[in-house]
Amino acid sequence: MDIHISPHDGVPIYLQIVNQVKYLVAAGRLAPGEELPAIRVLADRLVVNPNTVARAYRELEVAGVVEKRRTAGTYVSAAGSPLARRERLKILTERIDALLAEARQLGIRTDAVVDLLRQRDEVLQPDPEEA
Amino acid sequence: MVAVPSEYTGNVIEVAGLTRRFGPKVALDGVRLGVPRGVVFGLVGMNGAGKTTLIKHVLGLLRAATGSVRVFGTDPAAGPAGVLARVGYLSEEPDLPGWMRVGELLRYTRAFYPNWDPAFADELRRSFALDPAAKVKHLSKGQRARAGLVLALAHRPELLVLDEPSSGLDPIVRRDILGAIVRTIAEEGRTVLFSSHLLHEVERVADRVALIDRGRVVFSGALDHIKDTHHRVTLRFPQPRPEPPALPGVLAWEGTGAEWAAVCSGRLDDLRAAAAECGAQVVGHRVPSLDEIFVARVGPKAVEPVEA
C-alpha cells in the first residue's frame with residue numbers, strides 16, 4: 001500500500017490517508033478482500049500518530065471502503081466495485097471542475113471545451129493501423 | 001499560598017495559572033494547560049516563547065512560584081524523584097558525561113530507574129547503530145541525540161518529554177525521534193509532551209497542540225479541531241488595492257493587486273458573506289498547514305482581530 005504523507009500542503013493527514021486508500025481501491029491497486037496494514041504498523045511506517053491512522057480507518061469503514069473482521073484486521077470491502085466507480089467519477093469530476101474553472105478564466109465557452117475534448121480524444125485514439 | 005489538595009482529573013499534566021518571572025522578564029504568564037493520558041501533545045512557539053521554561057516546571061526542575069503544576073496528580077518539584085522515575089526526558093542538547101563510553105552510560109543510567117529494561121535498551125542501541133565502546137564525547141550530534149533517546153526510552157516511561165528534540169539534526173535522526181514518539185504512544189496509556197518549532201513534524205504526530213507566544217498560551221486544542229476551524233481563502237477584488245480590507249476572522253493577509261489570500265479562523269460562510277460585501281469573490285479555498293496557522297497567529301503579518 002503506497003501512501004505518501006505531505007504535512008506541508010495543509011490537507012489533514014487522516015484525510016490524506018482516506019483519499020489515497022480510496023484512490024488505490026479505485027485504481028485496483030488494493031483488491032477486494034485485501035488486508036490493510038495494522039494501525040500501529042502503518043503509523044510507524046508513515047511516522048504519523050496512530051490515532052490519525054485509526055481515524056482514517058474509521059472514516060473508510062463508514063464510507064464502506066473497508067470492513068473490520070472478527071480477527072481484528074481491516075480488509076478492503078468485497079462490495080468495493082460500485083464504490084470504486086463512484087470514486088473514479090469523483091476523481092474525474094474534480095479534474096473537470098478545475099478544467100472548467102480554467103476555461104472560464106481564459107474566456108473559453110463550455111461548448112468550445114467539449115469540442116476540444118472530442119478533438120483531443122480523436123488525436124489520442126490509438127491508430128488502428130498500428131494496433 | 002494555601003496548599004489545595006490536588007484533584008487528580010486524569011490529566012497526566014495539569015498546569016494552572018503558572019506565571020514565572022526572570023528579573024523583569026515575564027517568561028510564563030498565567031499558563032493553563034491540560035495534557036490527557038494517551039495523547040501526543042505538541043508545544044509550539046518561537047524561540048524564547050517560554051516552551052523550555054514550561055517544560056522545566058513539568059519536570060520539577062523549576063518550582064511554580066505562582067500557580068500550580070501537577071504531574072500524575074502530584075507536584076513534581078515537591079518530590080521530583082518520584083515523578084522523574086515515570087518520565088523520560090530528552091532535551092535539545094542532552095547533557096551527557098563525555099568521558100563515559102556508551103555502554104557505561106547505559107549501565108550508569110539504569111541504576112536510577114527501577115523499571116529499566118536492559119533488553120529494550122540494547123535493542124534501541126543496536127537499531128541506532130551506537131557502538132557501546134565509543135566515548136560519548138566522540139559521538140556526532142546525531143549519535144548523541146540517539147544516545148539521549150535510548151536513555152529517555154529504556155525505562156518505558158509513562159510520560160515522554162522532549163524539548164526541541166529535532167533541533168539542528170539531520171532528517172534521519174529526526175525520523176528516529178518521531179518514530180520513538182509514534183511507538184511510545186502506540187503503547188496503551190503512554191503520553192508524550194514535546195516542543196518543537198518544526199511545525200510539519202508537530203502536524204505529523206501531535207493529537208493536541210498549544211501555541212505559546214511571549215509566555216502566553218495563544219491557543220490550544222485538538223489538532224483536528226484547529227484544522228477544521230482555520231481556512232486559507234484567496235479573494236479576488238474587482239479593483240487592485242494597496243491594502244486588503246478588514247474582515248472578521250482574518251488572522252493574516254498575503255497578496256498584491258486584486259488578489260489577496262487570508263488565513264482566517266471561524267466560519268467560512270461568515271467570511272464569504274463579508275467578502276461579498278466588499279465585492280470580492282472567493283477564488284480559492286483550502287485547509288492551511290499548522291505552519292501557516294502559526295505564522296498567521298504570531299508572525300509579523302498578523303493583523304489585529306476584527307469583531308464580526
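Predicted model: local features only at pLDDT ≥ 70, side-chain atom pairs only at ≥ 80, totals over all residues.
Figure 1. Of the 308 residues of chain B, 43% count as buried. The chain holds 10 helices and 13 strands. Along the principal axes, the C-alpha atoms of chain B fill a box of roughly 70 × 50 × 40 Å. Among contacts in chain B between residues at least 6 apart in sequence, those that join residues at least 24 apart make up 71%.

**Figure 2. The two assigned domains of chain B and the contact between them.** Domain 1 of chain B covers residues 11-225 and domain 2 of chain B covers residues 229-298. Their C-alpha centres lie 37 Å apart. In the contact, 11 residues of domain 1 of chain B meet 7 residues of domain 2 of chain B. On the domain 1 side, helix 7 and strand 8 (208-213) of chain B each supply at least two residues. Helix 7 of chain B gives the largest share of that side, 4 residues. By class, the domain 1 side has 7 nonpolar, 2 polar and 2 charged residues.

**Figure 3. The side of chain B that touches chain A.** Here 22 residues of chain B are in contact with 15 residues of chain A. The elements of chain B that give two or more residues to this side are helix 6 (171-186), helix 7 (199-205) and helix 8 (223-228). Helix 6 of chain B provides the largest share, 7 residues. The side of chain B that touches chain A comprises 9 nonpolar, 3 polar and 10 charged residues.

**Figure 4. Domain assignment of chain A.** Chain A is assigned domain 1 (13-79) and domain 2 (81-124). Taken over C-alpha atoms, the centres of domain 1 of chain A and domain 2 of chain A are separated by 29 Å.

**Figure 5. Packing of helix 2 against helix 3 in chain A.** The axes of helix 2 (residues 39-46) and helix 3 (residues 50-62) of chain A come within 8 Å and cross at roughly 120°. The two helices of chain A are therefore oblique to each other. Helix 2 of chain A passes helix 3 of chain A in a right-handed crossing. Helix 2 of chain A contributes Ile39(A), Arg40(A), Leu42(A) and Ala43(A) to the contact, and helix 3 of chain A contributes Pro50(A), Val53(A), Ala54(A) and Tyr57(A). These contact residues divide into 7 nonpolar, no polar and 1 charged.

Terms used: Residues numbered from 1 in each chain as written. Chains lettered and ligands numbered in written order. Nonpolar A, V, L, I, M, F, W, Y, C, P; charged D, E, K, R; others polar. Domains from an automatic or database assignment. Axes fitted to C-alpha atoms, helices over the stretch in contact; angles between N-to-C directions. Parallel < 35°, antiparallel > 145°, perpendicular 65-115°, else oblique. Left-handed = near helix turned anticlockwise from the far one by under 90°. Buried ≥ 20, exposed ≤ 12 C-beta atoms within 10 Å, placed from the backbone.
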